[in-house]
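My notes follow the order of the searches.

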Amino acid sequence: KLKSVDTEISTLESLIQTKNDFAAYIKNNSNNKDLKDKFQQNVSNIERIREDLDSLRTSLEDSDMKPMLASLKESQNTSRLNLSALEKSLHTNKLLKSEHTKKLAFIRDNCSCDKCQQTISEAHKTTMIADLEQEIAKYDNEISTVTDEFKDTTTKLSQIIADIKKHEECISVIEKQKLIKETELKQLLSA
């Protein structure tokens with residue numbers, strides 16, 4: 001896009017030079033003061049617009065808006081992938097906690113195995129309850145950690161999206177200003 005702008009600017013600069021040459025000719029070869037003043041004003045306007053265009057092009061090229069925008073969009077994609085992974089982890093941990101909670105309830109409420117009908121000894125029952133409670137606590141901790149990471153990543157993603165919007169708006173404003181100046185310049189050159 002910058003190359004097309006540079007080509008457009010080169011074309012406009014060529015037209016400006018032609019107009020400047022013509023204006024110089026009129027200035028040197030005409031006795032009509034009004035005509036000379038009009039051409040001089042036209043040349044001044046062309047030069048002012050040319051400077052404005054150069055300034056806009058330089059501000060867009062010298063700023064790090066476009067590379068920053070690309071970096072923000074990459075961060076946005078990474079954050080979305082992280083959110084997806086966190087959602088999967090959260091879902092898995094909740095399923096595992098649910099399974100262990102059901103096993104724990106069964107062990108607490110029953111004295112025999114529902115599959116083989118064997119009696120569960122109190123020692124074995126106590127050990128299984130402790131192990132399951134430990135596993136459930138581990139899943140609770142993991143769910144809490146993943147939930148916090150999910151919230152943090154969502155907050156960061158919201159900020160990234162806001163930053164992207166700001167950068168896109170700034171770039172858009174500069175490009176609109178350039179278009180306005182290019183249109184003004186074309187109108188002056190065609191006069």
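How much space lies in the largest cavity? I got about 40 Å³. This is a predicted model, in which local features need pLDDT of at least 70, side-chain atom pairs count only at pLDDT 80 or more, and totals for chains, interfaces and linings use all residues. Residues are numbered from 1 along each chain as its sequence is written, and side-chain values use heavy atoms, with hydrogens and water left out.

**Cavity**

My search of the whole structure found one cavity of 30 Å³ or more. On a 1 Å grid over the protein atoms alone, a cavity is a set of points where a 1.4 Å probe fits but cannot get out; a pocket is an open set with protein on both sides within 12 Å along at least five of seven lines; lining residues have an atom within 4 Å of a point. Grid points are joined across faces, edges and corners, and a volume is the space filled by probe spheres set on the points.

I listed the lining of the largest cavity: Ile9, Leu12, Glu13, Ile16, Arg50, Leu53, Asp54 and Leu185. Two or more of these residues come from each of α1 (2-29) and α2. The largest share, four residues, is from α1. By class I noted five nonpolar, no polar and three charged. Here Ala, Val, Leu, Ile, Met, Phe, Trp, Tyr, Cys and Pro count as nonpolar, Asp, Glu, Lys and Arg as charged, and the others, Gly among them, as polar.

**Pocket**

Next I looked up the largest pocket, which holds about 160 Å³ of space. Its lining is Lys103, Phe106, Ile107, Cys113, Asp114, Lys115, Ile120, His124, Met128 and Leu132. I sorted this lining into six nonpolar, one polar and three charged residues. Both α3 (65-109) and α4 (122-190) supply at least two residues each.

**Helices**

I read the pattern α-α-α-α along the sequence, with four helices and zero strands. Helices (H or I, at least four residues) and strands (E, at least two) are DSSP runs, numbered from the N terminus.

How do the axes of α3 and α4 cross, and within what distance do they come? They come within 7 Å and cross at roughly 160°. That makes α3 roughly antiparallel to α4 (an angle over 145 degrees). The axes are lines fitted to C-alpha atoms, for helices over the stretch in contact, and angles run from 0 to 180 degrees between N-to-C directions. The α3-α4 contact has 25 nonpolar, twelve polar and 17 charged residues.

**Single residues**

I checked burial next. Buried residues make up 26% of the 191 residues; buried means under 20% relative accessible area, exposed over 50%, and partly exposed in between (1.4 Å probe, protein chains only).

Is Leu86 buried or exposed? Leu86, in helix α3, is buried at a relative accessible area of 10%. Its C-alpha is separated by 9.3 Å from that of Thr153, 67 residues apart along the chain.

Gln40 lies in helix α2 (residues 33-62). I found Gln40 partly exposed, at 38%. The C-alpha atoms of Gln40 and Ala24 are separated by 8.8 Å, at 16 residues apart along the chain.

Last, I looked at phi. Most residues other than glycine have a negative phi. Gln117 has a positive phi of about 65° although it is not a glycine. I placed Gln117 in the loop between α3 and α4. Gln117 is exposed, with a relative accessible area of 55%.

Methods:
Angles under 35 degrees count as roughly parallel, over 145 as roughly antiparallel, 65 to 115 as roughly perpendicular and the rest as oblique.
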